[in-house]
Amino acid sequence: RASKAKGIWVGGNPRLGYDIINKKLVVNPTEAGQVKTLFEKYIELQSVVELVRFARVQKIHNKQWVTKKGVVRGGAEFYQQTMHNLLRDEVYIGNMVCKSGGTSVPGEHEAIIDKDLFNRVQMALARNGNNKGNRYTGSPNLLTGKLFDIDGTKFTNQQTRKPGRPVKYYYAKSRFYIPSLSIDEIAMNTIS
């Protein structure tokens with residue numbers, strides 16, 4: 001956790017767009033082009049399902065690598081959940097995320113996606129309801145893990161179903177909900 005808090009890659013499966021060289025993430029130019037294409041195409045399509053179809057037609061697959069023991073891993077086709085994971089991964093804007101602390105810090109590696117494109121994708125995912133992970137708490141909102149109340153309690157996600165569509169909220173205390181769309185729009189307008 002301390003290493004991640006300093007932006008250091010601590011291992012795990014490599015991401016599409018990066019190779020691991022001397023225990024560091026290094027941009028793989030060919031794969032980085034594929035990652036950029038996926039982010040840009042999502043803005044155009046506004047659908048993860050359609051983006052998965054596009055990736056399959058273009059033969060863009062998950063990262064494939066060879067372990068130290070010579071075993072080939074990865075390389076599978078994208079499915080909705082793996083595409084969601086890619087589109088939400090802050091590694092692509094040069095950050096390292098500590099899941100246990102819910103924090104994100106600048107990493108030692110080079111970004112592949114600029115923050116503007118990344119933020120536009122996060123807004124589109126939230127707007128389109130294209131976040132199917134974390135069903136028990138609703139899908140991640142733009143500021144998930146970064147929004148706290150005055151007492152330091154972290155807001156989590158909640159989702160309810162209104163006729164025909166889900167409604168997403170930030171939630172910190174009993175009966176205190178903030179609609180995520182309006183807060184996310186304020187954040188995006190401030191960033192832009």
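This is a predicted model: local features need pLDDT of at least 70, side-chain atom pairs count only at pLDDT 80 or more; totals for chains, interfaces and linings use all residues.
Two pairs of helices are considered first. Helix H2 spans residues 29–45 and helix H5 spans residues 115–128; their axes come within 10 Å and cross at roughly 40 degrees. Because angles from 65 to 115 degrees count as roughly perpendicular and those under 35 as roughly parallel, H2 and H5 are classed as oblique to each other. The crossing of H2 past H5 is left-handed. On the H2 side, the contact is made by Phe39, Glu40, Tyr42 and Ile43, which meet Leu117, Phe118, Arg120, Val121, Ala124, Leu125 and Asn128 of H5. By class, the residues of this contact comprise eight nonpolar, one polar and two charged.

The second pair consists of helix H3, residues 48–57, and helix H4, residues 80–88, with axes that come within 9 Å and cross at roughly 100 degrees. The range for roughly perpendicular runs from 65 to 115 degrees, and H3 and H4 are therefore roughly perpendicular to each other. In H3, the residues Val48, Val49, Leu51, Val52 and Ala55 meet Gln80, Met83, His84 and Leu87 of H4. Seven nonpolar and two polar residues take part in the contact of H3 with H4, and no charged residues do.

In soluble globular proteins, nonpolar side chains tend to be buried together. In this model, the largest nonpolar core has 28 residues. Those with the most contacts inside this core are Leu38, Phe39, Met83, Leu87, Tyr92 and Ile113. At least two residues of the core are supplied by each of H2, H3, H4 and H5. Phe39 also belongs to the contact of H2 with H5, while Met83 and Leu87 belong to that of H3 with H4. With neighbours within four places in sequence left aside, Tyr92 is in contact with Arg15, Leu16, Tyr18, Val35, Phe39, Leu86, Ala111, Ile112 and Ile113. A second, separate core has nine residues, among them Leu147, Phe155, Tyr170 and Ala187.

Glu90 is located in the loop between H4 and strand E5, which covers residues 95–98. The relative accessibility of Glu90 is 13%, so this residue counts as buried, the cut-off being under 20%. Apart from neighbours within four places in sequence, Glu90 is in contact with Asn95, Val97, Ser104, Phe118 and Lys146. Between the C-alpha atoms of Glu90 and Val105 the separation is 9.5 Å, although the two residues are 15 residues apart along the chain. Gln122 is part of helix H5 and is likewise buried, with a relative accessible area of 11%. When residues up to four places away in sequence are not counted, Gln122 touches Leu87, Arg88 and Leu142. Leu87 is one of the residues with the most contacts inside the largest core.

The loop between strand E1 (18–21) and strand E2 (24–27) contains Asn22, and Lys23 lies in the loop between E1 and E2 as well. Phi is near 50 degrees at Asn22, a positive value in a residue other than glycine. At Lys23, phi is near 60 degrees, again positive in a residue other than glycine. Asn22 has a relative accessible area of 70% and is therefore exposed, and Lys23, at 70% relative accessibility, also counts as exposed, the cut-off being over 50%.

How values were computed: Residues are numbered from 1 along each chain as its sequence is written. Side-chain values use heavy atoms; hydrogens and water are left out. Helices (H or I, at least four residues) and strands (E, at least two) are DSSP runs, numbered from the N terminus. Buried means under 20% relative accessible area, exposed over 50%, partly exposed in between (1.4 Å probe, protein chains only). Axes are lines fitted to C-alpha atoms, for helices over the stretch in contact, and angles run from 0 to 180 degrees between N-to-C directions. Angles under 35 degrees count as roughly parallel, over 145 as roughly antiparallel, 65 to 115 as roughly perpendicular and the rest as oblique. Contact means heavy atoms within 4.5 Å. Ala, Val, Leu, Ile, Met, Phe, Trp, Tyr, Cys and Pro count as nonpolar, Asp, Glu, Lys and Arg as charged, and the others, Gly among them, as polar. A crossing is left-handed if the near helix is turned anticlockwise from the far one by less than a right angle, and right-handed if clockwise. A nonpolar core is a set of buried Ala, Val, Leu, Ile, Met, Phe, Trp, Tyr and Cys residues joined through side-chain atoms within 4.5 Å.
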